[in-house]
Amino acid sequence: MDLLGSILGSMEPPPSIGDEAKKRVKEQNALLKKKQEDEKNRLEQFRAQTEKRIHAFVTDSNKQKYKWEPMDKVFRAIIHEVADVAGLTSFSFGLEEQDRYVMLWKKEFTPSDEEVLAYRRGEEWDPEKAKEIAKQKEAELQLEAESSKSKIVSNPTHNYKDKYKHLIGEEAAKDAAKQTTANKSYGFVPSENKRDSRTIEQVLADTRAKKKLKTDTGSIPDPSVVTSSSEDTAQP
């Protein structure tokens with residue numbers, strides 16, 4: 001026998017479970033399984049009842065909404081699922097684990113935001129009262145709009161120029177603008193001196209003379225010579 005075998009042989013075996021302990025464990029497992037089955041059956045029964053109640057609500061043309069009694073979250077979840085399949089609008093209101101309940105509406109009577117807020121505040125929804133409040137708000141808005149139109153724009157009682165007279169002087173902005181004139185002693189040339197007094201015939205003659213002199217001499221001609229000769233040629 002090796003060392004490991006001798007050590008294992010010298011150890012005491014683990015305590016065995018007695019028949020009573022085995023029986024107790026078996027009973028606990030059976031009890032847990034039964035509770036799970038009972039819970040499953042209870043939820044299935046509640047779903048079946050919910051489907052019947054929702055079907056009756058949908059087929060009743062006189063009802064627009066349906067309020068359920070307060071219940072736990074797991075049951076409210078089943079109501080929301082069945083309502084969604086039936087094409088209904090559902091909301092939960094109230095405090096959790098106290099009085100939270102489910103309210104259903106038919107699609108053609110989907111609640112407004114004001115109605116949902118009223119139920120969330122724990123108030124009962126009154127359509128006639130809501131219409132009166134809406135009319136009152138509309139009247140207040142119209143009154144506010146009319147008052148804003150009738151407001152008179154206030155004009156200042158004094159001129160800011162008087163306050164800053166010591167900084168900007170007597171004349172400022174447009175009042176200080178003056179008409180300026182050109183100084184003829186600094187390069188001012190009358191417009192009549194800028195015009196070319198030559199006629200079209202003279203310009204064409206000058207161009208032809210320049211080309212001819214350039215061809216004959218092979219150099220750029222003197223403009224003064226070309227101009228004088230063209231003027232002589234252009235005269236009748």
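Student: Which residue does F91 stand opposite in strand 3?
Tutor: M103. Bear in mind that this is a predicted model.

Student: How many bridges pair strand 2 and strand 3, and in which sense?
Tutor: Five bridges, in the antiparallel sense. Strand 3 covers residues 101–105.

Student: What holds paired strands together in general?
Tutor: Strands of a sheet pair through backbone hydrogen bonds.

Student: In what order do the strands of the sheet come?
Tutor: The order is 1-3-2, in an open sheet of three strands. The pairing is antiparallel.

Student: Which strands stand at the edges?
Tutor: Strand 1 (65–67) and strand 2 (89–93). Each has a single partner strand, so one side of each lacks a neighbour in the sheet.

Student: And by how much are neighbouring strands turned against each other?
Tutor: By 20° on average, with direction ignored.

Student: Which helix lies across strand 1, strand 2 and strand 3?
Tutor: Helix 4, residues 113–120. Helix 4 runs at about 30° to strand 2.

Student: Back to the loop between strand 2 and strand 3. What is the phi of E97?
Tutor: E97 lies in that loop. Its phi is positive, about 65°, although E97 is not a glycine. Most residues other than glycine have a negative phi.

Student: Is E97 buried or exposed?
Tutor: Exposed. The relative accessibility of E97 is 79%, and the cut-off for exposed is over 50%.

Student: New topic. Which residues make the nonpolar surface patch?
Tutor: L3, L4, I7, L8 and M11. The patch comes to about 540 Å².

Student: Where does L8 sit, and why does it count as exposed?
Tutor: L8 is in helix 1, residues 3–10. It counts as exposed because its relative accessibility is 53%.

Student: Zoom out. How many helices and strands does the chain have?
Tutor: There are 10 helices and three strands. From the N terminus, the elements run α-α-β-α-β-β-α-α-α-α-α-α-α.

Student: What share of the chain counts as buried?
Tutor: 15% of the 236 residues.

Student: What about the accessible surface?
Tutor: About 20300 Å² for the chain. Carbon and sulfur atoms account for 53% of that surface.

Student: Last one. Of contacts between residues at least 6 apart in sequence, what share join residues at least 24 apart?
Tutor: 47% of them.

Note on methods
Residues numbered from 1 in each chain as written. Predicted model: local features only at pLDDT ≥ 70, side-chain atom pairs only at ≥ 80, totals over all residues. Heavy atoms only, no water. Pairing = 2+ DSSP bridges. Helix = DSSP H or I, 4+ residues; strand = E, 2+ residues; numbered from the N terminus. Axes fitted to C-alpha atoms, helices over the stretch in contact; angles between N-to-C directions. Contact = heavy atoms within 4.5 Å. Patch = residues over 30% accessible without salt bridge, like charges linked within 9 Å, V, L, I, M, F, W, Y side chains within 5 Å. Areas by Shrake-Rupley, 256 points an atom, 1.4 Å probe, with all protein chains shown as cover. Salt bridge = Lys/Arg side-chain N within 4 Å of Asp/Glu carboxyl O. Buried < 20%, exposed > 50% of the residue type's maximum accessible area, 1.4 Å probe, protein only.
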